[in-house]
Amino acid sequence: MSDPTHYTGHAGALSDPAAAAIQTGLLLVNLGTPEAPTAAAVRPYLAEFLGDPRVIDYPRWLWWPILHGVILRVRPRRSAQAYARIWTPQGSPLRVGSEALAAALQNALDRRRPGAVRVALAMRYGQPAVVPTIERLVREGVRRLLVLPLYPQYSATSTGSVLDAVAAAMQRLRWPPELRTINDYHDDPAHIEALAGHIERWWQRHGRGEKLLLSFHGIPERYVRAGDPYRDQCLATARRLRERLGLAEDALVLSFQSRVGREPWLSPYTDATVRALAARGVRRLDVACPGFAVDCLETLEEIAMQNREFFLEAGGEDLRYIPALNDDPAQVDQLCALALRHLQGWPGFDGRAVRSAEAPA
(Lines give C-alpha, C1' and ligand atoms only; values in the text may rest on other atoms or scores of the structure.)
Protein backbone atom coordinates (compact mmCIF):
# COMPACT_ATOMS: atom_id res chain seq x y z
CA MET A 1 0.00 0.00 0.00
CA SER A 2 1.40 3.43 -0.93
CA ASP A 3 1.52 6.33 1.45
CA PRO A 4 -0.84 9.05 0.11
CA THR A 5 1.41 11.79 1.50
CA HIS A 6 4.61 10.36 -0.02
CA TYR A 7 6.26 12.75 -2.44
CA THR A 8 6.48 11.22 -5.94
CA GLY A 9 8.29 14.03 -7.70
CA HIS A 10 5.18 15.44 -9.41
CA ALA A 11 3.83 18.89 -8.64
CA GLY A 12 0.81 18.69 -6.39
CA ALA A 13 1.52 15.09 -5.41
CA LEU A 14 1.48 15.93 -1.70
CA SER A 15 -2.06 15.81 -0.36
CA ASP A 16 -2.36 17.59 2.98
CA PRO A 17 -5.93 17.83 4.32
CA ALA A 18 -4.86 20.46 6.86
CA ALA A 19 -3.50 22.73 4.11
CA ALA A 20 -6.77 22.48 2.23
CA ALA A 21 -8.62 23.72 5.31
CA ILE A 22 -6.55 26.90 5.69
CA GLN A 23 -8.76 29.97 5.63
CA THR A 24 -8.02 33.65 5.09
CA GLY A 25 -9.74 36.07 7.44
CA LEU A 26 -10.47 39.80 7.19
CA LEU A 27 -10.96 41.36 10.62
CA LEU A 28 -12.74 44.72 10.68
CA VAL A 29 -12.22 46.66 13.91
CA ASN A 30 -14.21 49.69 15.02
CA LEU A 31 -14.02 51.75 18.19
CA GLY A 32 -16.80 50.12 20.19
CA THR A 33 -19.90 50.97 22.16
CA PRO A 34 -21.53 50.25 25.49
CA GLU A 35 -24.10 47.48 25.58
CA ALA A 36 -26.91 49.82 26.63
CA PRO A 37 -27.53 53.56 27.07
CA THR A 38 -27.30 53.35 30.86
CA ALA A 39 -24.72 54.56 33.35
CA ALA A 40 -24.14 50.97 34.51
CA ALA A 41 -23.30 49.87 30.95
CA VAL A 42 -21.33 52.99 30.02
CA ARG A 43 -19.04 52.85 33.09
CA PRO A 44 -17.05 49.68 32.15
CA TYR A 45 -16.90 50.82 28.53
CA LEU A 46 -15.43 54.19 29.53
CA ALA A 47 -13.07 52.51 31.99
CA GLU A 48 -11.63 50.38 29.19
CA PHE A 49 -11.51 53.24 26.69
CA LEU A 50 -10.06 55.92 28.96
CA GLY A 51 -7.79 53.37 30.65
CA ASP A 52 -5.99 52.69 27.37
CA PRO A 53 -2.54 54.37 27.52
CA ARG A 54 -2.75 54.96 23.77
CA VAL A 55 -5.77 57.21 24.36
CA ILE A 56 -4.63 58.91 27.58
CA ASP A 57 -0.86 58.64 27.98
CA TYR A 58 -0.47 60.28 31.37
CA PRO A 59 1.51 58.25 33.92
CA ARG A 60 -0.76 55.67 35.52
CA TRP A 61 0.01 56.92 39.04
CA LEU A 62 -1.36 60.31 37.99
CA TRP A 63 -4.21 59.26 35.72
CA TRP A 64 -5.67 56.33 37.64
CA PRO A 65 -6.94 58.33 40.66
CA ILE A 66 -8.46 60.92 38.30
CA LEU A 67 -10.13 58.29 36.14
CA HIS A 68 -11.49 56.06 38.88
CA GLY A 69 -11.91 58.68 41.59
CA VAL A 70 -13.57 61.43 39.55
CA ILE A 71 -14.35 60.73 35.89
CA LEU A 72 -15.98 57.31 36.26
CA ARG A 73 -18.15 58.66 39.07
CA VAL A 74 -19.53 61.54 36.99
CA ARG A 75 -19.18 60.96 33.26
CA PRO A 76 -21.08 57.65 32.79
CA ARG A 77 -24.42 59.26 33.64
CA ARG A 78 -23.83 62.17 31.27
CA SER A 79 -22.58 59.90 28.49
CA ALA A 80 -25.54 57.55 28.98
CA GLN A 81 -27.91 60.46 28.40
CA ALA A 82 -26.10 61.24 25.13
CA TYR A 83 -26.27 57.60 24.01
CA ALA A 84 -29.98 57.49 24.85
CA ARG A 85 -30.60 60.32 22.37
CA ILE A 86 -29.34 58.20 19.44
CA TRP A 87 -30.08 54.62 20.56
CA THR A 88 -32.28 52.66 18.16
CA PRO A 89 -34.63 49.69 18.66
CA GLN A 90 -31.87 47.55 17.11
CA GLY A 91 -29.26 48.89 19.52
CA SER A 92 -26.18 51.09 19.22
CA PRO A 93 -25.94 52.81 15.82
CA LEU A 94 -22.20 52.11 15.66
CA ARG A 95 -22.69 48.40 16.39
CA VAL A 96 -25.63 48.03 14.00
CA GLY A 97 -23.91 50.03 11.25
CA SER A 98 -20.62 48.16 11.63
CA GLU A 99 -22.39 44.81 11.43
CA ALA A 100 -24.21 45.93 8.28
CA LEU A 101 -20.92 47.04 6.73
CA ALA A 102 -19.23 43.73 7.62
CA ALA A 103 -22.11 41.74 6.09
CA ALA A 104 -22.09 43.84 2.91
CA LEU A 105 -18.32 43.47 2.61
CA GLN A 106 -18.60 39.68 3.03
CA ASN A 107 -21.14 39.61 0.19
CA ALA A 108 -18.92 41.77 -2.03
CA LEU A 109 -15.88 39.56 -1.43
CA ASP A 110 -17.93 36.42 -2.05
CA ARG A 111 -19.06 37.80 -5.42
CA ARG A 112 -15.47 38.43 -6.47
CA ARG A 113 -13.70 35.51 -4.79
CA PRO A 114 -16.32 32.98 -3.64
CA GLY A 115 -15.38 31.45 -0.30
CA ALA A 116 -11.88 32.94 -0.31
CA VAL A 117 -12.17 35.42 2.57
CA ARG A 118 -14.02 35.21 5.84
CA VAL A 119 -15.05 38.61 7.29
CA ALA A 120 -15.36 39.14 11.04
CA LEU A 121 -16.07 42.24 13.12
CA ALA A 122 -14.55 43.22 16.46
CA MET A 123 -14.60 46.31 18.66
CA ARG A 124 -11.53 47.79 20.29
CA TYR A 125 -13.55 48.54 23.42
CA GLY A 126 -16.59 46.57 24.48
CA GLN A 127 -17.98 43.59 22.60
CA PRO A 128 -17.17 41.67 20.48
CA ALA A 129 -13.61 42.19 21.71
CA VAL A 130 -10.54 41.84 19.50
CA VAL A 131 -8.67 39.11 21.40
CA PRO A 132 -11.49 36.53 21.70
CA THR A 133 -12.60 37.24 18.12
CA ILE A 134 -9.14 36.42 16.77
CA GLU A 135 -8.91 33.35 19.00
CA ARG A 136 -12.26 32.14 17.64
CA LEU A 137 -11.17 32.69 14.04
CA VAL A 138 -8.01 30.66 14.62
CA ARG A 139 -9.95 27.82 16.25
CA GLU A 140 -12.21 27.76 13.20
CA GLY A 141 -9.33 27.41 10.75
CA VAL A 142 -8.14 30.92 9.89
CA ARG A 143 -4.38 30.77 9.35
CA ARG A 144 -3.93 34.05 7.45
CA LEU A 145 -5.42 37.23 8.86
CA LEU A 146 -5.70 40.74 7.42
CA VAL A 147 -6.69 43.40 9.98
CA LEU A 148 -8.54 46.48 8.74
CA PRO A 149 -9.22 49.12 11.41
CA LEU A 150 -12.18 51.23 10.28
CA TYR A 151 -10.25 54.48 10.69
CA PRO A 152 -9.34 56.13 7.35
CA GLN A 153 -6.64 58.26 9.00
CA TYR A 154 -3.97 56.69 11.21
CA SER A 155 -3.53 57.76 14.81
CA ALA A 156 -1.79 55.97 17.64
CA THR A 157 -4.97 56.64 19.65
CA SER A 158 -7.12 54.60 17.25
CA THR A 159 -5.35 52.34 14.76
CA GLY A 160 -2.30 52.08 17.01
CA SER A 161 -4.51 50.87 19.83
CA VAL A 162 -6.10 48.25 17.55
CA LEU A 163 -2.63 46.97 16.69
CA ASP A 164 -1.90 46.68 20.43
CA ALA A 165 -4.99 44.50 20.87
CA VAL A 166 -4.04 42.36 17.88
CA ALA A 167 -0.54 41.93 19.32
CA ALA A 168 -2.08 40.83 22.62
CA ALA A 169 -4.04 38.16 20.77
CA MET A 170 -0.89 36.96 19.00
CA GLN A 171 0.89 36.63 22.34
CA ARG A 172 -1.87 34.38 23.70
CA LEU A 173 -1.91 32.00 20.73
CA ARG A 174 0.33 28.95 20.61
CA TRP A 175 0.26 29.08 16.80
CA PRO A 176 -0.54 32.62 15.62
CA PRO A 177 -1.80 33.11 12.07
CA GLU A 178 0.15 34.91 9.39
CA LEU A 179 -0.69 38.56 9.92
CA ARG A 180 -1.06 41.69 7.83
CA THR A 181 -2.51 45.06 8.84
CA ILE A 182 -3.78 48.11 6.97
CA ASN A 183 -2.59 51.29 8.68
CA ASP A 184 -4.77 53.80 6.86
CA TYR A 185 -6.58 54.59 3.62
CA HIS A 186 -6.95 58.36 4.00
CA ASP A 187 -5.92 59.19 0.43
CA ASP A 188 -7.08 56.07 -1.39
CA PRO A 189 -8.60 57.46 -4.63
CA ALA A 190 -11.56 55.08 -4.35
CA HIS A 191 -12.19 56.29 -0.79
CA ILE A 192 -12.11 59.94 -1.87
CA GLU A 193 -14.47 59.10 -4.74
CA ALA A 194 -16.85 57.31 -2.37
CA LEU A 195 -16.93 60.32 -0.04
CA ALA A 196 -17.38 62.82 -2.86
CA GLY A 197 -20.11 60.83 -4.58
CA HIS A 198 -21.94 60.39 -1.28
CA ILE A 199 -21.86 64.13 -0.57
CA GLU A 200 -22.95 64.99 -4.12
CA ARG A 201 -25.90 62.62 -3.95
CA TRP A 202 -26.89 64.12 -0.60
CA TRP A 203 -26.76 67.61 -2.13
CA GLN A 204 -28.91 66.47 -5.03
CA ARG A 205 -31.60 65.32 -2.60
CA HIS A 206 -31.39 68.09 0.01
CA GLY A 207 -29.84 71.10 -1.69
CA ARG A 208 -26.47 72.59 -0.89
CA GLY A 209 -25.52 74.75 2.07
CA GLU A 210 -23.39 77.85 1.92
CA LYS A 211 -20.31 76.05 3.21
CA LEU A 212 -19.17 72.48 3.81
CA LEU A 213 -17.50 71.81 7.16
CA LEU A 214 -15.36 68.68 7.53
CA SER A 215 -15.15 67.75 11.19
CA PHE A 216 -12.53 65.19 12.26
CA HIS A 217 -12.08 63.70 15.72
CA GLY A 218 -9.40 65.57 17.62
CA ILE A 219 -6.31 64.43 19.50
CA PRO A 220 -3.95 66.38 21.80
CA GLU A 221 -1.50 68.58 19.92
CA ARG A 222 1.46 67.03 21.74
CA TYR A 223 0.62 63.64 20.19
CA VAL A 224 1.28 65.18 16.78
CA ARG A 225 4.52 66.73 18.03
CA ALA A 226 5.52 63.26 19.19
CA GLY A 227 5.17 61.94 15.62
CA ASP A 228 1.52 61.03 15.12
CA PRO A 229 0.66 61.58 11.41
CA TYR A 230 -3.06 62.06 12.07
CA ARG A 231 -3.34 65.80 11.42
CA ASP A 232 -1.42 65.60 8.15
CA GLN A 233 -3.62 62.74 6.97
CA CYS A 234 -6.80 64.66 7.88
CA LEU A 235 -5.54 67.66 5.92
CA ALA A 236 -4.70 65.42 2.96
CA THR A 237 -8.19 63.88 2.98
CA ALA A 238 -9.79 67.33 3.12
CA ARG A 239 -7.61 68.69 0.31
CA ARG A 240 -8.29 65.76 -2.01
CA LEU A 241 -12.00 65.85 -1.23
CA ARG A 242 -12.21 69.59 -1.90
CA GLU A 243 -10.43 69.13 -5.22
CA ARG A 244 -12.69 66.24 -6.23
CA LEU A 245 -15.83 68.24 -5.34
CA GLY A 246 -14.52 71.24 -7.26
CA LEU A 247 -14.95 73.59 -4.31
CA ALA A 248 -13.16 76.90 -3.83
CA GLU A 249 -10.83 77.00 -0.86
CA ASP A 250 -13.16 79.23 1.15
CA ALA A 251 -16.16 76.95 0.49
CA LEU A 252 -14.73 74.14 2.60
CA VAL A 253 -13.80 74.48 6.26
CA LEU A 254 -11.93 71.95 8.43
CA SER A 255 -12.21 71.51 12.20
CA PHE A 256 -11.60 68.99 15.00
CA GLN A 257 -14.19 67.81 17.53
CA SER A 258 -14.54 65.84 20.77
CA ARG A 259 -11.78 67.49 22.79
CA VAL A 260 -11.62 66.74 26.52
CA GLY A 261 -9.46 68.10 29.31
CA ARG A 262 -7.57 71.38 29.48
CA GLU A 263 -4.51 70.77 27.32
CA PRO A 264 -4.53 72.05 23.70
CA TRP A 265 -6.01 69.70 21.12
CA LEU A 266 -5.91 69.98 17.36
CA SER A 267 -7.65 73.14 16.25
CA PRO A 268 -9.75 74.85 15.11
CA TYR A 269 -12.35 73.29 17.39
CA THR A 270 -15.64 72.30 15.80
CA ASP A 271 -17.91 73.91 18.41
CA ALA A 272 -16.06 77.23 18.13
CA THR A 273 -16.03 76.96 14.33
CA VAL A 274 -19.79 76.50 13.91
CA ARG A 275 -20.44 79.45 16.23
CA ALA A 276 -17.95 81.62 14.32
CA LEU A 277 -19.47 80.71 10.95
CA ALA A 278 -22.94 81.62 12.19
CA ALA A 279 -21.62 84.91 13.59
CA ARG A 280 -20.10 85.71 10.18
CA GLY A 281 -23.48 85.32 8.50
CA VAL A 282 -23.50 81.71 7.30
CA ARG A 283 -27.12 80.58 7.51
CA ARG A 284 -27.03 77.01 6.12
CA LEU A 285 -24.06 74.83 7.01
CA ASP A 286 -23.44 71.28 5.81
CA VAL A 287 -21.20 69.07 7.98
CA ALA A 288 -19.53 65.79 7.04
CA CYS A 289 -17.19 63.69 9.19
CA PRO A 290 -14.71 61.88 6.88
CA GLY A 291 -12.84 60.31 9.80
CA PHE A 292 -15.78 58.07 10.72
CA ALA A 293 -16.59 55.05 8.53
CA VAL A 294 -19.83 54.40 10.44
CA ASP A 295 -22.14 56.79 12.27
CA CYS A 296 -21.76 56.85 16.04
CA LEU A 297 -22.18 59.03 19.12
CA GLU A 298 -19.67 61.59 17.83
CA THR A 299 -21.55 62.14 14.58
CA LEU A 300 -25.20 61.57 15.46
CA GLU A 301 -25.25 63.30 18.86
CA GLU A 302 -22.22 65.58 19.01
CA ILE A 303 -22.50 66.96 15.46
CA ALA A 304 -26.13 66.52 14.37
CA MET A 305 -27.55 67.55 17.77
CA GLN A 306 -25.10 69.44 19.99
CA ASN A 307 -23.30 71.45 17.32
CA ARG A 308 -26.53 72.09 15.48
CA GLU A 309 -27.80 73.74 18.67
CA PHE A 310 -24.58 75.79 18.96
CA PHE A 311 -25.00 76.95 15.35
CA LEU A 312 -28.63 77.97 15.83
CA GLU A 313 -27.89 79.76 19.12
CA ALA A 314 -25.19 81.80 17.34
CA GLY A 315 -27.60 82.97 14.64
CA GLY A 316 -27.46 80.24 12.01
CA GLU A 317 -30.65 78.85 10.50
CA ASP A 318 -29.81 75.21 9.77
CA LEU A 319 -26.90 72.83 10.29
CA ARG A 320 -27.37 69.68 8.23
CA TYR A 321 -25.28 66.62 9.04
CA ILE A 322 -24.36 64.48 6.02
CA PRO A 323 -24.33 60.87 7.26
CA ALA A 324 -21.21 58.69 7.24
CA LEU A 325 -20.73 56.23 4.41
CA ASN A 326 -21.90 53.32 6.60
CA ASP A 327 -22.76 50.41 4.24
CA ASP A 328 -23.03 52.61 1.15
CA PRO A 329 -22.12 50.41 -1.87
CA ALA A 330 -19.30 52.81 -2.78
CA GLN A 331 -17.62 52.29 0.60
CA VAL A 332 -18.21 48.54 0.43
CA ASP A 333 -16.61 48.34 -3.03
CA GLN A 334 -13.70 50.53 -1.95
CA LEU A 335 -12.95 48.45 1.14
CA CYS A 336 -13.33 45.26 -0.89
CA ALA A 337 -10.73 46.43 -3.41
CA LEU A 338 -8.48 47.69 -0.61
CA ALA A 339 -8.59 44.33 1.16
CA LEU A 340 -7.92 42.36 -2.01
CA ARG A 341 -4.89 44.52 -2.79
CA HIS A 342 -3.45 43.81 0.65
CA LEU A 343 -4.12 40.08 0.27
CA GLN A 344 -1.89 39.85 -2.81
CA GLY A 345 0.88 37.30 -2.48
CA TRP A 346 -0.98 34.95 -0.19
CA PRO A 347 -2.00 31.64 -1.80
CA GLY A 348 -5.15 32.04 -3.85
CA PHE A 349 -4.79 35.77 -4.45
CA ASP A 350 -3.29 37.30 -7.58
CA GLY A 351 -3.72 40.37 -9.77
CA ARG A 352 -6.98 39.14 -11.22
CA ALA A 353 -8.61 39.60 -7.80
CA VAL A 354 -7.79 43.31 -7.77
CA ARG A 355 -9.06 43.90 -11.29
CA SER A 356 -12.30 42.08 -10.63
CA ALA A 357 -12.84 43.96 -7.38
CA GLU A 358 -12.45 47.31 -9.08
CA ALA A 359 -14.69 46.41 -11.98
CA PRO A 360 -18.40 47.23 -11.79
CA ALA A 361 -20.34 44.57 -9.92
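Arg-341 is partly exposed, because its relative accessibility is 31%. The cut-offs: buried is under 20% relative accessible area, exposed is over 50%, and partly exposed lies in between, with a 1.4 Å probe and protein chains only. Keep in mind that this is a predicted model: local features need pLDDT of at least 70, side-chain atom pairs count only at pLDDT 80 or more, and totals for chains, interfaces and linings use all residues. Residues are numbered from 1 along each chain as its sequence is written, and side-chain values use heavy atoms, with hydrogens and water left out.

Which side chain does Arg-341 meet in a salt bridge? Asp-188, at 3.3 Å, N to O. A salt bridge here is a side-chain nitrogen of Lys or Arg within 4 Å of a carboxyl oxygen of Asp or Glu. This pair links distant parts of the chain, 153 residues apart. Asp-188 sits in the loop between strand S4 (178-181) and helix H7 (189-206), and Arg-341 in helix H12 (residues 329-342). Helices (H or I, at least four residues) and strands (E, at least two) are DSSP runs, numbered from the N terminus. Asp-188 counts as buried, because its relative accessibility is 9%.

Next pair. Arg-54 and Asp-164 form a salt bridge at 2.8 Å, N to O. They are 110 residues apart: Arg-54 is in the loop between helix H2 (39-50) and helix H3 (60-86), Asp-164 in helix H6 (residues 159-172). Arg-54 is partly exposed at 31%, and Asp-164 is partly exposed at 33%.

Then Glu-140 and Arg-118, bridged at 2.2 Å, N to O.

How many salt bridges in total? The count is 21.

Now the cavity. On a 1 Å grid over the protein atoms alone, a cavity is a set of points where a 1.4 Å probe fits but cannot get out; lining residues have an atom within 4 Å of a point. The count is 1 cavity of 30 Å³ or more. The largest cavity has a volume of about 120 Å³, where volume is the space filled by probe spheres set on the points, and points are joined across faces, edges and corners. It has 18 lining residues, and Leu-195, Cys-289, Pro-290, Ala-324 and Leu-325 are the closest to its centre. H7 gives the most to this lining, with 4 residues.

Key:
1 Å grid on protein atoms, 1.4 Å probe; cavity = no way out; pocket = protein on both sides within 12 Å on 5 of 7 lines; lining within 4 Å.
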